[in-house]
Amino acid sequence: MILDTRPAAPPRPSPPRRRRRRTPRTWVRGGGLTTLVFLLPMLVVFTLFSWLPIGQAVVMSFQETNLVSAATFVGLDNFRDVLSDPLLWTAVGNTLWFALLALLFGYPLPLLAAVLMSEVRRFRGVYSALAYLPVVIPPVVAVLLWKFFYDASPTGVFNTLLGAVGIGPVPWLQDAGIAMPALVIEATWAAAGGTVIIYLAALTGVAPELYEAAEIDGASVWRKVWHVTLPRLRGVLLVTFILQIIGTAQVFLEPFLFTGGGPANSTTTILLLIYNYAFANSLGGDYGAATALSIMLAAVLAIFSVIYFRVTRAWSAS
Amino acid sequence: MSRGVLSQSDWRTPRVRRTARTLHVVLLALLFVAGVGPMLWLAKAAVTPTQDTLRQPLSLWPNGFDFANLATAWTRVEIDKYFLNTVAIAAGAWLVQLLVATTAGYALSVLRPRYRKVLTGVILATLFVPAVVLLVPLYLTVVDAKLINTFWAVWLPAGANAFNILLVQRFFDNLPREVFEAATVDGAGSYRLFWSVVLPMSRPILGVVSVFAVIAAWKDFLWPLLVLPDPDLQPLSVRLPALQRFVELDVFLAALAISTVIPVALFLVFQRLFLKSGALEGAVKG
């Protein structure tokens, strides 16, 4: 690629032509330096704030570190400490419970909504705008608002609604059994619109000929949905599934702001635990334990994703 | 012609048409309740006295209006300051992300150095590292660099976004190369080509990246909470949960309402761009 630089380029010696071999001078003349100038912002930012910290995370998980004393290597101690923390298994269980509930509430609903919406012939834009609105509300505002809605007294917003049909009052966030589902309902409300839009885009990509072919074979509406629409969406459905798992495994905002992990640690998630290891103690956190746990979480997610894509590819093949 | 599951003849069948219409009306009602309901409630609560909101949270019309809530939230609770902080954080993060993504995309896609493949690989690899792994080491990096309590602590890490680079690079790859060659023949150098040819041709993708950048900055909570411990520098998202403890409920709800207005207004104005970006998120990650 030979693109000459303008005179305004950073200072460089104008190279006298001598040899045809690749020397620093021919490199500059060939635009190598200019390319590097363009790459510079990315290189600086990625080195400092992505590549180095990733490497540092691996190193730190084997170290005892705080902001006061120098880091010392402690082998696998951090991993051992984290794995023997009784709270870890509570957090793992809670995170799995959150992920499962989020799948139950949040996976079929957007699909159903998107399939219905793609049949709307007038004002479809209004439907998508309405569905997407909760995604636009800042998550912190949404959580604080819902926290008020979840007020446990009989005059709480949701309790008033349920009271009208003779249920409640429900102690939404104060009950160890109900708190997690309450969190998931809010999280689903906040995220579903994004998934709907992704499905809608995929639905417009379904070739009309497929439906026409099914109609010639005399397929009913339901058979068309089952045998044409859903198989066509399979790729997107598989991806949103794994993305949702990866997302819910790192849920933080809802438990942090709604309940702080309570009541009785029933909403302490893995990320909340990592946060508590590193930042809850104002005297300097246990950074080693926090990074060790985050690396284990990342490893589990990576292994899960690899297996998931292997298995689903095997399905597609058969 | 695009069409859905239902064919013209399906639509002519009374039973199918009736079912579809009913389902659509039900869906519209549900979407309205879920999408606009909370916001209408918040708008009402923002101008309703505390006691009224507490006693009858669902009354359609408040017993009295208290428009002073909004003014109190804006001035005495200093929502104006946190609001400006949010704007500054979003604007800076947006600029850094655009700068990094366009220059890197240009270098990798148009200038094409020999080490292009390797570099792209190393950038994309970061997509597979969950954000949580970076949390602690990134925090320590920022502490070491003495960036705590400066906006740079939010702006700069925002730039290390591989997803943006991927989007921009893909878009640049599809630009017609003849145009670049013509410009080069006409004497345009790399910088001029970037500024006067490539950037003006990439408005659509710059719009998408901008939406992602601004929304992400507006939504971010944990990172600014960690790196901006000084309340005077905190954005709304970080400050609101803390305010809850010492602000009266009606004023607090007014503050929540104010924080919602800008993103919702942006969405209503740039609706198409938002929805396109939302759909793209699925397509690229997929």
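**Figure 1. Chain B is built from helices.** Chain B of this predicted model has 17 helices and zero strands. Helices (H or I, at least four residues) and strands (E, at least two) are DSSP runs, numbered from the N terminus. The C-alpha atoms of chain B fill a box of roughly 75 × 70 × 35 Å along the principal axes. Its radius of gyration is 24 Å, whereas a compact globule of 286 residues would have one near 19 Å. That radius is taken over C-alpha atoms, and the globule rule is 2.2 Å times the number of residues to the power 0.38. Of the 286 residues in chain B, 40% count as buried. Buried means that 20 or more other C-beta atoms lie within 10 Å of a residue's own; exposed means 12 or fewer, partly exposed is in between, and C-beta atoms are placed from the backbone.

A note on reading these views: residues are numbered from 1 along each chain as its sequence is written, while chains are lettered from A and ligands numbered from 1 in the order in which they are written. Because the model is predicted, local features need pLDDT of at least 70 and side-chain atom pairs count only at pLDDT 80 or more, while totals for chains, interfaces and linings use all residues.

Figure 2. Chain B is divided into domain 1 (8-66) and domain 2 (73-285), with bounds from an automatic or database domain assignment. Their centres, taken over C-alpha atoms, are 33 Å apart. Domain 1 gives 11 residues to the contact and domain 2 gives eight residues; two residues are in contact if their C-beta atoms, placed from the backbone, lie within 7 Å. On the domain 1 side, helix H3 (37-46) and helix H4 (50-55) of chain B each supply at least two residues. The largest share, five residues, comes from H3(B).

**Figure 3. Chain A has helices and two strands.** Look here for 14 helices and two strands in chain A. The radius of gyration of chain A is 27 Å, well over the 20 Å from the globule rule for 318 residues, so chain A is more spread out than a compact globule. Its C-alpha atoms fill a box of roughly 90 × 70 × 45 Å along the principal axes. Buried residues make up 39% of the 318 residues in chain A.

**Figure 4. Chains A and B touch.** This contact takes 87 residues from chain A and 85 residues from chain B. Helix H2 (residues 32-60) of chain A brings 18 residues, the largest share of the chain A side. By class, that side has 63 nonpolar, 19 polar and five charged residues. Here Ala, Val, Leu, Ile, Met, Phe, Trp, Tyr, Cys and Pro count as nonpolar, Asp, Glu, Lys and Arg as charged, and the others, Gly among them, as polar.

Figure 5. Leaving aside neighbours within four places in sequence, A:Ile274 is in contact with A:Ala290, A:Leu293, A:Ser294 and B:Val132.
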